[in-house]
Amino acid sequence: MPMDGLPRRGALPARWRLCATEPGAPAPGESADWVPLERPLTAAAAWRAAGRWSLDGSPHDFDAQDWWYAAQVDGAALQDMVLGFDGLATLAEVRLNGQTLLHSDSMFLAHQARPAALVHAGANELLIRFASVQAALQQRRPRPRWRTPMVAHQQLRWMRTSLLGRTPGWSPPAAPVGPWRDVWCCPEDQAIAWRLQPSLVAGQGQCAVELRAPAGWARDLVEAEFVLRGPDGAEQVRPLESHGGERYTAHVTVAQPALWWPHTHGEPLLSTAALRTRSRSGAVRTLGLGTVGFRQVEIDRTGDGFALRVNSERIFCRGAGWTPLDPVSLRSGAAECRAAVGQVRDAGLNMLRLAGTLPPEEDHFYDACDALGVLVWQDFPFASMDYPFDDAGFADLAAREAAQLAARLGHRACVAVLCGNSEVEQQAAMWGAPRELWQPAFFHRQLPALCAQHAPATPYWPSSAHGGAFPHQADTGTTSYYGVGAYERPLDDARRSGLRFATECLAFANIPDDAALARLPGGLATRVHHPQWKARSPRDLGAGWDFDDVRDHYLQRLFDVDPARLRHQDHDRYLALGRLATAEAMAAAFAEWRRPASGCAGALVLQLRDLWAGAGWGLLDEQGDPKACWHAVRRCLQPLAVFLTDEGGNGLAVHVVNDTPLERRLVLELSAWREGDVQVARAERPVVATARGGCTLNAIEVLGQFLDLNHAYRFGPPSCEVVSARLLEDGREVATALHFPLGLAPLVATRSRDLGLAAAVDITGDGEAVATVRTGRCAVGVHLDVPGWQAADDHFHLAPGASRQVHLRRTVAGAVLAGQVLALNAAAAVPLETQP
């Protein structure tokens, strides 16, 4: 049975090297072109480290060759050891001293071996051959019953490997080949594995542990206990019970456990689990088993929808698709990963999705999500293709992978959904396959049974797009929603679609700031139409359009300009409006979905982070720096937020949302202006935002008089051009929203010389500062251009007479605090003035 825990292990002490050969060639000799390695890495990462290849250079097909990894290991380091291989991509044979130790046909399967019989007293050679995936794809096999446009070779459906690096329309050409996870060793007598199974039943916390230990492990022990320490430090201790042989169990009950919540709705409180032993000599050892979060997650299908309830509370899930921080090695450091998840939390996002196109993440990713209160939607690694489950060998391999992954993640508080696949149902339906082929039995019978066995506290869902007359129907179940986005529907489609839950949505080619564009192969001289730009613009293979075209569609609709002509005449202006266009589209969609009356229970933007420099789907660039759309989404997704929506003849609606567990007593301030800075209305009213609740007010009710705030009746000239809603708590602004009844186009059509825009900055610490930006008239798309410094908020609008304080953080050592502030409706930038 798969176990969650891993032995006490360390990296295999060895000298590694790498060599590429033609497919089917014999093992390379000493005179071959070997590349020394500091540690096992994918072939692409190893070549990058050796200076032989980079994403910015000539492409290389890593699937076209055989790759050989050789490790010289001293016999003392292997004797009486367990060898572990946590991930071998993809067709691998492992040999020790010329004898086969194991084969692997799946990137997603972990292996252990006991090599004692093959170990030599002196030097030993561990050799791993990764056979060419391209050569394996030439084998004649049955054709798929439907096709997927994301891959160049449809028979990848037979390969249990990641599609990342093999999808030319959106991922860099760095197919993962080689050891992509740890190669480790552990003394056999310490090879303990364990499995935690926490649950929340009728308000009581239950935590069971099952331990597998080597024969004779307990021979020298006087005592062995399972210890569960709560967030308050209180311990629950139970002795391990032996079941004969190598199996031990214990069970703890916590009467009123501290609950784990997603950070938007409470505290992600964790308990720590440990094994404590005392030997006959009196030595006491403690082995950490990980953390446990007591929470209950349920799928609510009321009205054919889809919503997650955590601890009985309905959660609006908002976030994005996670991608590896390094798409070449697929590795990250624990601190680096935690910082990236912390960035997500601080932006108000509470869910990350690992799509079926990607491999599962390292343990420290799930550690960070557990600790920081970020939910995880975890797809099993199947995506879009017609997988050959009628082949017994393939089906058995898929089942073993799934069992390992479910057991590995089953105790995680953060893992909210285990999902069978990414868009398999949708792709079959869209290709025109018969309805009986949309739902393979593996995803609808076998996989849910495996999850019930290995991860009973985590809900299972069969596919990322599932439910309704067809899988991608927005108003039933879950879907990939691209009405606003790829399908170029009007912004009001976010509401008209009746979206219930988007496992992915809002895909645009989001333009990063200039620092990221400078990292394109051609640097800042690379224009949008250039092949080097277009090579990194996401697209579906074979389509006559790409996601730059999608962005341009909304740029034209929002700003009433011809994108092609603007790009020709003023490329920088085109980039600035393009950045704001996707930001505005996303903000408008989330405002609709988070309304208290909305039936939507979640929306995950397609991609959190770009995979390489360029205008990718990410909210962040490939280094994790924010784009304009990130800032817009961050403002929309805070636990306490306010939105304005146009309700036609019913006027403007003001929506207040409070996800936090505390009631908030607020003041709502509503103002309207025309002619740039003439205030035509202002009112305040107290608002009580209930805990984990929301309310909707009519703006006219707040003002106490009728005013055509959204220019719905058109009885004359517009009564206003800007409407502002501010939430104040103890006199401090905690949320704000602006509405433009005539849209943004009239405001940016003419650039004013007298906005009254000004910016002053105070240094608050080493590498920290606060900029105060003020304006006399409405300022659109305010951007702080401070080289070497990063703004916590950017690309925002300011109402007439408003100001905003923005924290700045130095990102380049030695960078001087100097720069400028720009607005899209200002004729010129203004300098950032440093306060004396």
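Arg634 and Asp793 are both buried, where buried means under 20% relative accessible area, exposed over 50%, and partly exposed in between, with a 1.4 Å probe and protein chains only. Their side chains meet in a salt bridge of 3.0 Å, N to O, the term standing for a side-chain nitrogen of Lys or Arg within 4 Å of a carboxyl oxygen of Asp or Glu. This pair joins distant parts of the chain, since Arg634 belongs to helix α14 (residues 628–636) and Asp793 to the loop between β44 (789–791) and β45 (796–798), 159 residues apart.

The structure is a predicted model, in which local features need pLDDT of at least 70 and side-chain atom pairs count only at pLDDT 80 or more, while totals for chains, interfaces and linings use all residues. Residues are numbered from 1 along each chain as its sequence is written, and side-chain values use heavy atoms, with hydrogens and water left out. Helices (H or I, at least four residues) and strands (E, at least two) are DSSP runs, numbered from the N terminus.

**Salt bridges**

Across the whole structure, 58 salt bridges are found. Three of the pairs are set out here.

| Pair | N to O distance |
|---|---|
| Arg536 and Asp56 | 2.6 Å |
| Arg634 and Asp793 | 3.0 Å |
| Glu592 and Arg595 | 3.1 Å |

Arg536 lies in the loop between α10 (531–534) and α11, and Asp56 in the loop between α1 (43–49) and β4 (66–74), 480 residues apart. Arg536 is buried because its relative accessible area is 8%, whereas Asp56, at 44% relative accessibility, counts as partly exposed. In the pair of Glu592 and Arg595, Glu592 is buried with a relative accessible area of 13%, and Arg595 is likewise buried at 13%. A network of salt bridges links Lys534, Arg539, Asp546, Asp548, Arg551, Asp552 and Arg567.

**Helices α11 and α13**

Helix α11 (residues 547–559) packs against helix α13 (residues 571–593) at an angle of about 90°, with their axes 9 Å apart; axes are lines fitted to C-alpha atoms, for helices over the stretch in contact, and angles run from 0 to 180 degrees between N-to-C directions. This angle makes α11 roughly perpendicular to α13, a class that covers 65 to 115 degrees, with under 35 counted as roughly parallel, over 145 as roughly antiparallel and the rest as oblique. From α11, Arg551, Asp552, Tyr554, Leu555, Leu558 and Phe559 meet Tyr574, Leu577, Gly578, Leu580, Ala581, Thr582 and Glu584 of α13, contact being heavy atoms within 4.5 Å. The residues of this contact divide into 8 nonpolar, 2 polar and 3 charged; Ala, Val, Leu, Ile, Met, Phe, Trp, Tyr, Cys and Pro count as nonpolar, Asp, Glu, Lys and Arg as charged, and the others, Gly among them, as polar.

Helix α4 (residues 363–372) is largely enclosed by the rest of the structure, because 7 of its 10 residues are buried. The buried residues of α4 are His364, Phe365, Tyr366, Ala368, Cys369, Asp370 and Leu372. Just after α4, Gly373 takes a positive phi of about 75°.
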